[in-house]
Amino acid sequence: RRLRLMGVMADHDYSEELRIAVEATRAAGDEVARMRREGLRYGHKDGRELVSEADIRAAEMLHAALTAAFPSDGWLSEEHTDTAERLGRERAWVVDPIDGTREFLMGVPEYAVSVALVVRGEPVLGVVYNPAAEDLQAAVCTDSAEDPAGLLPSHFTVLVGRNEKRWNEVPPLPRGAKTTAVGSVAYRLSRLAGGHGDACLSGYGRAEWDVAAGVVLCKAAGFRVTDVLGHPMRFNQPDPYVAGLLIAKPALHGVLDQWFRRLR
């Protein structure tokens, strides 16, 4: 199995949080993979969004492990009822038990368990685990870790969503760009942080739990991270959504940001 640990430490040692988060994420991921092999039921939430027994089981496991270890922290998860209680906490866990439930149910190996710790609005710890690919990445990043601006590549790969590419919803890109589709946005960010692409773009609004852990991985790998409008992202907000994604190394990010400003 691939386990990749990255870290840019600052004023707090998050080693215990990282250890427990990695253990909990791996256990939840292995459980949902087992359930997928053995068969499970699924249904729909309000609208068309899918949910399965495995989503619920993973949510229970992660909540039990993380709140037992850190009972004073807040909690925000796709499969738990949200309350304002987390807003009064300095720290909050932001969790997606399965990001990419559709891919998970279809047997497409592009889903992930996503776990992040947010401190005073900033995601500082992230774990993303895709059990189908046996790929776990984890990072702590509490300082800006951007790479130097560097040279702009003449050709670059932008990771986008499968539906965005299928329905031709990716905005026009500068010359030299090609797009690669990846199902789960959490796994997409993990792939980017692991060196399998040059940028990640999404014009869709995203829930915090979809992206918080992947944002940490990308920051630790030296990427500049903003929403699609070029603004910094804050987490554990009253309305827990971000305005899309624009993530790339600084030189490329600057070019893409200016490109999209001209298109707006």
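The model described here is a predicted one. Gly 183 sits in the loop that joins strand 10 (177-181) to helix 5.

Leaving aside residues up to four places away in sequence, Gly 183 touches Glu 103, Glu 110, Arg 162 and Arg 188. Asp 99 is 84 residues from Gly 183 in sequence, and the two C-alpha atoms are 8.9 Å apart in space.

## Overall form

The protein has seven helices and 15 strands. Its radius of gyration is 17 Å, close to the 18 Å that the globule rule gives for 264 residues, so the protein is as compact as a globular protein of that length. The C-alpha trace spans about 45 × 45 × 35 Å along the principal axes.

Of the 264 residues, 53% are buried. The accessible surface comes to about 12,000 Å², and carbon and sulfur atoms hold 50% of that surface. Among contacts with a separation of 6 or more, 65% are between residues 24 or more positions apart.

## Helix 6

Helix 6 covers residues 208-220. At 1.5 Å a residue, its 13 residues should span 18 Å, and the end C-alpha atoms are 18 Å apart, which agrees. Just after the helix, Gly 222 takes a positive phi of about 95 degrees.

Helix 6 is mostly covered, with twelve of its 13 residues buried.

In soluble globular proteins, nonpolar side chains tend to be buried together. In this model the largest nonpolar core has 35 residues, and Val 211, Cys 218, Phe 235, Leu 245 and Ile 247 have the most contacts inside it. The elements that give two or more residues to this core are strand 6 (112-119), strand 8 (135-141), helix 5 (185-193), helix 6 and strand 15 (245-248). Helix 6 supplies the largest share, nine residues. Apart from this core lies another, of 34 residues, which includes Phe 104, Leu 117, Val 119 and Val 124.

Leu 245 has contacts in several parts of the sequence. Not counting residues up to four places away, Leu 245 touches Val 185, Leu 189, Cys 200, Leu 201, Ser 202, Val 211, Thr 226, Asp 227, Val 228 and Met 233.

Ser 190 is in helix 5. This serine is buried, with a relative accessible area of 0%. Beyond residues up to four places away in sequence, Ser 190 touches Val 128, Gln 137 and Leu 217.

Gly 74 lies in strand 4 (residues 74-77). At 5% relative accessibility, Gly 74 counts as buried. Its contacts, again not counting residues up to four places away in sequence, are Arg 86, Arg 89, Arg 91, Ala 92 and Trp 93. Val 182 is 108 residues from Gly 74 along the chain, and their C-alpha atoms are separated by 30 Å.

## Helix 1 and positive phi values

Helix 1 takes in residues 15-38. Its 24 residues should span 34 Å at 1.5 Å a residue, and its end C-alpha atoms are 35 Å apart, which agrees. Gly 39 follows helix 1 and has a positive phi, near 100 degrees.

Positive phi values also occur at residues other than glycine. Arg 120 has a positive phi of about 50 degrees, and Asn 236 has one near 55 degrees. Arg 120 is in the loop between strand 6 and strand 7 (122-130), whereas Asn 236 is in the loop between strand 13 (224-226) and strand 14 (241-242). At 53% relative accessibility Arg 120 counts as exposed, while Asn 236, at 10%, counts as buried.

Note on methods
Residues are numbered from 1 along each chain as its sequence is written. This is a predicted model: local features need pLDDT of at least 70, side-chain atom pairs count only at pLDDT 80 or more; totals for chains, interfaces and linings use all residues. Side-chain values use heavy atoms; hydrogens and water are left out. Helices (H or I, at least four residues) and strands (E, at least two) are DSSP runs, numbered from the N terminus. The expected span of a helix is 1.5 Å times one less than its number of residues. Buried means under 20% relative accessible area, exposed over 50%, partly exposed in between (1.4 Å probe, protein chains only). The radius of gyration is taken over C-alpha atoms; the globule rule is 2.2 Å times the number of residues to the power 0.38. Contact means heavy atoms within 4.5 Å. Accessible areas come from the Shrake-Rupley method with a 1.4 Å probe; for residues, only the protein chains shown count as cover. A nonpolar core is a set of buried Ala, Val, Leu, Ile, Met, Phe, Trp, Tyr and Cys residues joined through side-chain atoms within 4.5 Å.
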